[in-house]
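Here are some exercises to work through with the model open beside you. Try each task before you read its solution.

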Amino acid sequence: MAELNSKIPKGPLTSKWTHYKDHQNLVNPSNKRKLDIIIVGTGLAGSAAAASLGEMGFNVKIFCYQDSPRRAHSIAAQGGINAAKNYPNDGDSIYRLFYDTIKGGDYRAREANVYRLAEVSNNIIDQCVAQGVPFAREYGGSLENRSFGGAQVSRTFFARGQTGQQLLLGAYGALSRQIKLGTVKLYERHEMMDVVIVDGKARGIIARDLITGKLERHFGHAVVVATGGYGNVFYLSTNAMGSNTSAIWQIFKKGAWFANPCFTQIHPTCIPVHGDYQSKLTLMSESLRNDGRIWVPKRKEDAEAHRHGKLKANDIAEENRDYFLERRYPAFGNLVPRDVASRAAKERCDAGYGVGSTGLAVFLDFRESIGRLGKNVIEERYGNLFQMYEKIVDENPYENPMMIYPAVHYTMGGTWVDYELQTSVTGLFAAGEANFSDHGANRLGASALMQGLADGYFVLPYTIQNYLAGEIRVARMSTDKAEFAEAEKAVQSRLEKLIAVKGSRSVDHFHKELGKIMWEYVGMARNEAGLKKAIELIKKLRAEFWKDVKIPGDMNALNVELEKANRVADFLELGELLAYDALNRNESCGGHFREEYQTEEGECKRNDDDYKYVAAWEYVSEGEFRLHKEELAYEEIEVKQRIYK
Amino acid sequence: MKLTLKIWRQKDAKSIGKFVTYSLDNISPNCSFLEMLDILNEELIGKNEEPVVFDHDCREGICGMCSLYINGRPHGPDDAVTACQLHMRKFRDGDTIVIEPWRAKPFPVIKDLMVDRTAFDKIIQEGGYISVNTGGAAEANNILVGKENSELAMDAAACIGCGACVAACKNASAMLFVSAKISQFALLPQGQIEAKQRVKRMVKKMDELGFGNCTNTYACEAECPKLISRSNIARMNREFMCAKVI
């Protein structure tokens, strides 16, 4: 059985990565051609890794379920990407970015990984500019920065409200170049169904061609999973409809441990829920908190009147407004980290001050900044976001304050990886949001793009080579091997089993039910009784699913319901693990808030004596998981209470 | 709202398709267009019929996956939105809505409303990038870009690759899509070195794949969900002429 070895290089923090690179094993060019790498997922991490490894001379196969690599959900990231360039001369440094990220993650991330992330952040900006990513610029032609939650410096680079799109298109361009050159082969509309393990090492995958329904076997000397997060376990989230946990769940069942599943991020600024037919939630970028002020009415009767449509936001006088973030956190104000802002909004709504027809919304108001800067400046900064809001809500946010409420957005937890991004299965790697490594218990804004590209461009291409250097004598294997045949057979029988249920309720019915359980008991605030109840309810729902799900059509053709069913089957197992992990962690930290563990002011109460560890779960059997602890050692940073007041 | 839907149903790429009529009741005006289709599909599944297949993913107007031709317009009756951002309040109670896939030869139908747009990827593979390897980039602020050009480059780069421009064009021309990428790089110093090769190769590929030519009706610009300007086509033509002549 694998052991928990994070393989952090020795030596001082600031030189660990340099030392690693100086001493790692390399593969010579003629051997690179003989080595195959499978990458699953074409978001920032997957595309960047595929392009970089292709450039280096490896043979890469890359897979995505969408019709094109450019559709991956990294495309939807709005606000920006952090880097420690210190262009605004406001005192930023690699150390500060490192420190803010560790603190933002509530002291539950690995120091060495985060320091490396901060170190390569500047290379990312250089790389993207060289690719022609149209970042925002000052009049003199240099790059412009803005501030983001959890930091007191302006270190966020952005391309309007479409930063993720522009960075992904940069990586997609680099990937397309390698596809043209023949170093990378693209398999679009393909979904990874399982990993194939030969003699204890990952050696390939079983993929399903979503158009024909055919199962395919693919060999690789190494396999990289870069399939994003598992936020859709909540059904309603800001993730894309197709975002799923299946790849990281299948590798979990084959021995790749799952770390900190309960660290999920609820984003404070999303468009509120409006009906039970709703299929997803839309994010309004955190960057809006630079110029927007968050408030609710001071008087309950005003909130009540607004809920019944009898009072307009603009008619509530200044002195009757409670700018609760500025009140509670004067030092950071509206720019507190996401978990803090989300809980503060929930607290106000639970106390009866929420607005909008459901009472589950707070105002995000631009009146003051429009008055100070002019409408055109606000339009230049956030035009596309304001337009999107108006299309969805049918209200003009230049004139009326936006209404927002927290929603599930990002998952800090994920596949456990060591310093080399290798999972607990040899030869199997995880990159980007799919892994757990850099954000601890809470991710700061504009850090997801940074981590995805850091892993893809600057970390994995080195570390995977260190592994592959030991594989140069392994010839390409035939996929007729028994291990491939067995893996394919297992996938085949699972799909047959799903189709054969022929029950009475749709896949979406079960997904929505799961979402309700997760949001109610495993959402923004959790407690012991609720989590135990959630585990029971999920078990029951899972049993019902396998008895009563209805999937029309057959498996040897395009079948969207079958694709969804396969993903929801995995969410129904993951949900249970998430609740177990939340139950195990008897403390509140970052995105994980246990009602039993809070300070008198309602802030997170961490328990560093007992829980300063990464919870890495091993799959034993369905509904049974074994906990392994990776203790976190802080050598550079003093572990403190996280205060933004 | 009560609606009558006429939807293109086609079993696979080889089969002949046809319109099938469905009726729906109790649709909220705040429902998005794709959520309305979700409701229809739930009903079809309940009746043991195969749900309508359509492409969609992010549902926030940025991934470019949704591709519905609604009442004779790509992405439907609202301006500057993708179908996933279109809401039912743009329709009236009792309306009949006709839903088709993108209609263009280079985008063959896969099933029902789902089409194959890999032709766009193939055009990008010909040069829709700057040839720079990972790791070799210079300090970012060594490359200065004037704000005006940088904003224009961003306007062009905002293209989501949905293919509405091709679907709207009577010639199934991809010129708005191709010119947006060419413009982005033509406006930036980083793009100058490969400019000639880029425009020649991308245009050649576009022609090879069966996309038509531009006859200046600008239906593409009118239907583009991201308001990509036709001036990009002019810029591409200029780049192309220069590349051929000089």
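Two residues are in contact if their C-beta atoms, placed from the backbone, lie within 7 Å. Keep in mind throughout that this is a predicted model.

**Exercise 1. Describe the overall make-up of chain B: its elements, its span, its burial and the range of its contacts.**

Step 1. Start with the elements: chain B contains eight helices and seven strands.

Step 2. Now look at its extent. The C-alpha trace of chain B spans about 60 × 35 × 35 Å along its principal axes.

Step 3. Turn to burial: of the 246 residues in chain B, 53% are buried.

Step 4. Finally, take the contacts in chain B between residues at least 6 apart in sequence; 70% of these join residues at least 24 apart.

**Exercise 2. At what angle do helices H6 and H8 of chain B pack, and which residues make the contact?**

Step 1. H6 (residues 195–208) and H8 (residues 231–245) of chain B pack at about 110°, and their axes are 9 Å apart.

Step 2. Angles of 65 to 115 degrees count as roughly perpendicular, so H6(B) and H8(B) are roughly perpendicular to each other.

Step 3. From H6(B), the contact uses B:Ala195, B:Lys196, B:Val199, B:Lys200 and B:Val203, while H8(B) brings B:Met236, B:Glu239, B:Phe240 and B:Ala243.

Step 4. By class, this contact of H6(B) with H8(B) has six nonpolar, no polar and three charged residues.

**Exercise 3. Which residues have the most contacts inside the largest nonpolar core, and what does B:Val166 touch?**

Step 1. The largest nonpolar core has 283 residues, and those with the most contacts inside it are A:Val224, A:Val362 and B:Val166.

Step 2. Leave out residues up to four places away in sequence. B:Val166 then touches B:Trp102, B:Ala104, B:Phe107, B:Ala172, B:Ser173, B:Ala174, B:Phe177 and B:Phe211.

**Exercise 4. How many residues of chain B are in contact with chain A, and which element of chain B gives the most?**

Step 1. The count is 65 residues of chain B, in contact with 64 residues of chain A.

Step 2. On the chain B side, the elements that give two or more residues are helix H1 (33–46), strand S6 (109–111), helix H2 (118–125), helix H3 (147–157) and helix H5 (175–186).

Step 3. H1(B) gives the most, with six residues.

Step 4. By class, the chain B side has 29 nonpolar, 20 polar and 16 charged residues.

Terms used:
Residues numbered from 1 in each chain as written. Chains lettered and ligands numbered in written order. Predicted model: local features only at pLDDT ≥ 70, side-chain atom pairs only at ≥ 80, totals over all residues. Helix = DSSP H or I, 4+ residues; strand = E, 2+ residues; numbered from the N terminus. Nonpolar A, V, L, I, M, F, W, Y, C, P; charged D, E, K, R; others polar. Axes fitted to C-alpha atoms, helices over the stretch in contact; angles between N-to-C directions. Parallel < 35°, antiparallel > 145°, perpendicular 65-115°, else oblique. Core = buried A, V, L, I, M, F, W, Y, C linked by C-beta atoms within 7 Å. Buried ≥ 20, exposed ≤ 12 C-beta atoms within 10 Å, placed from the backbone.
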